[in-house]
Amino acid sequence: MLESLSSYMAERRGVVEDALESFLPESGGRYSRLTDAMRYSVFSGGKRLRPILAIAAFEIVGGEGDAVLAPACATELIHTYSLIHDDLPAMDDDDLRRGRPTCHKEFDDALAILAGDALLTLAFGIVTQEDVLPPERAAAIVRELAGANGHGGMLGGQAADIAMEGELPDIGAIEYIHGHKTGAPVAAAVRVGAMAAGAKSIDMERLTAYGERIGMAFQIADDLLDERGTAEEMGKAVGKDRDHGKMTYPGVVGAESAVIRAQELVDDAIQSLDAYGERVWALAEIARFIVDRRN
Ligand code: GRG
């Protein structure tokens, strides 16, 4: 990672950690196992890519102040819920996430289901807290997050992913799965950041084009890491996609073409933001990081 991007991300990550701390319920109390499980998964060392994308989008359209923090943290809470549920025995049945036992291994299946549900509902709660955002803007952001992560977005993609297990490679199917499961929530993170700043429709169009492309590139990179990365680097088991007969981008087009496609998507994403001149650098560097990352 370039030094300047690494310090940009470290600084924003610090802001996100503090904001998450302020939004999460405290530990303790008689029924604290639920809040402990929520906190365990949220504070387990994620890259915070989605909230950082939201902040960078907020900044590029001239946003100032704290209005982006709740929408940015909402994207991370929803992401964390999806990871907790994805790791459950009924889904991917994973024991390790971010180098630590998964939520259901550390607590139990019931607590993991509840902690995921509680993070999802908290996400909507924090965006609609009084005096955080103008009510119409908060409602539009909730609508955006609900659409991108619900049956027409992430959950629809996940259902298609499960349904396609063991099927023959199909480029249309893999693009649908990636676009919905990963692309939609990543694009929504970019979009809600811009929405928090009251971005104009031309800005929304440019940032949507950027977000959709990096979302697809992100999942292609993840598929490649699942084949090429090590469990130590990834903090979770690798090679599971192939073992489960999951359809992946490199599985459909081959690893070399997948690398080329991810790079093309990143180049196109950056090009969609040409109009911002030098202000583009953070979003451009994040896009490059998405395909170059090692975990
Ligand atoms: C089961 C509710 C539910 C959803 C399933 C998104 C998803 C759909 C499951 C999560 C697991 C998965 C394969 C997601 C695809 C996106 C992805 C590569 C997530 C990992 O995101 P990073 O790299 O993770 O940003 P960190 O740990 O850095 O936060």
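This is a predicted model: local features need pLDDT of at least 70, side-chain atom pairs count only at pLDDT 80 or more; totals for chains, interfaces and linings use all residues.
**Entry 1: the ligand site**

I started at His-79, where a polar side-chain atom sits 2.8 Å from an oxygen atom of the ligand. I'm calling that a polar contact, meaning a pair of N or O atoms within 3.5 Å; within protein, one has to be able to donate a hydrogen and the other to accept it, and residues adjacent in sequence count only if both atoms are side-chain atoms. Then I asked how much of the ligand the protein buries. Alone, the ligand exposes 720 Å², and the protein buries 92% of that. Accessible areas here are Shrake-Rupley values with a 1.4 Å probe, and for residues only the protein chains shown count as cover.

Numbering runs from 1 along each chain as its sequence is written, and side-chain values use heavy atoms, with hydrogens and water left out.

Back to the ligand. I count 20 residues around the ligand, and Lys-47, Arg-50, His-79, Asp-86 and Arg-98 come nearest. Being near means having a heavy atom within 4 Å of the molecule.

Which helix gives the most to the shell around the ligand? I found that α4 does, with 6 residues. Helices α4 (69-87), α8 (154-163), α9 (171-196) and α10 (201-228) each supply at least two residues. Helices (H or I, at least four residues) and strands (E, at least two) are DSSP runs, numbered from the N terminus.

I also sorted the shell by class and got 6 nonpolar, 7 polar and 7 charged residues. For that tally, Ala, Val, Leu, Ile, Met, Phe, Trp, Tyr, Cys and Pro are nonpolar, Asp, Glu, Lys and Arg are charged, and the others, Gly among them, are polar.

I found Asp-93 in the loop between α4 and β1 (96-97). Is Asp-93 buried or partly exposed? Asp-93 counts as partly exposed because its relative accessibility is 40%. My cut-offs are under 20% relative accessible area for buried, over 50% for exposed, and partly exposed in between (1.4 Å probe, protein chains only).

His-104 is in helix α5 (residues 103-106) and is buried, at 6% relative accessibility. Skipping neighbours within four places in sequence, I listed its contacts as Asp-87, Leu-88, Pro-89, Asp-94, Asp-109 and Ala-112. A contact is heavy atoms within 4.5 Å.

Ala-57, in helix α3 (residues 49-60), counts as buried because its relative accessible area is 0%. With neighbours up to four places away left aside, Ala-57 is in contact with Val-190, Gly-193, Ala-194, Leu-207 and Leu-283. I also checked Ala-57 against Val-68, 11 residues along the chain: their C-alpha atoms are 9.5 Å apart.

Thr-182 belongs to helix α9 and is buried at 8%. What does Thr-182 touch, not counting residues up to four places away in sequence? I got Ile-177, Gly-215, Phe-218 and Gln-219.

Leu-155 in α8 is partly exposed, at 41% relative accessible area.

**Entry 2: the whole chain**

I counted 15 helices and 2 strands in the protein chain. The radius of gyration is 18 Å, close to the 19 Å from the globule rule for 295 residues, so the chain is as compact as a globular protein of that length. That radius is taken over C-alpha atoms, and the rule is 2.2 Å times the number of residues to the power 0.38. The C-alpha trace spans about 55 × 50 × 35 Å along its principal axes.

Of the 295 residues, 53% count as buried. The chain exposes about 13,200 Å², with carbon and sulfur atoms supplying 51% of it. Last, I looked at contacts between residues at least 6 apart in sequence: 73% of them join residues at least 24 apart.
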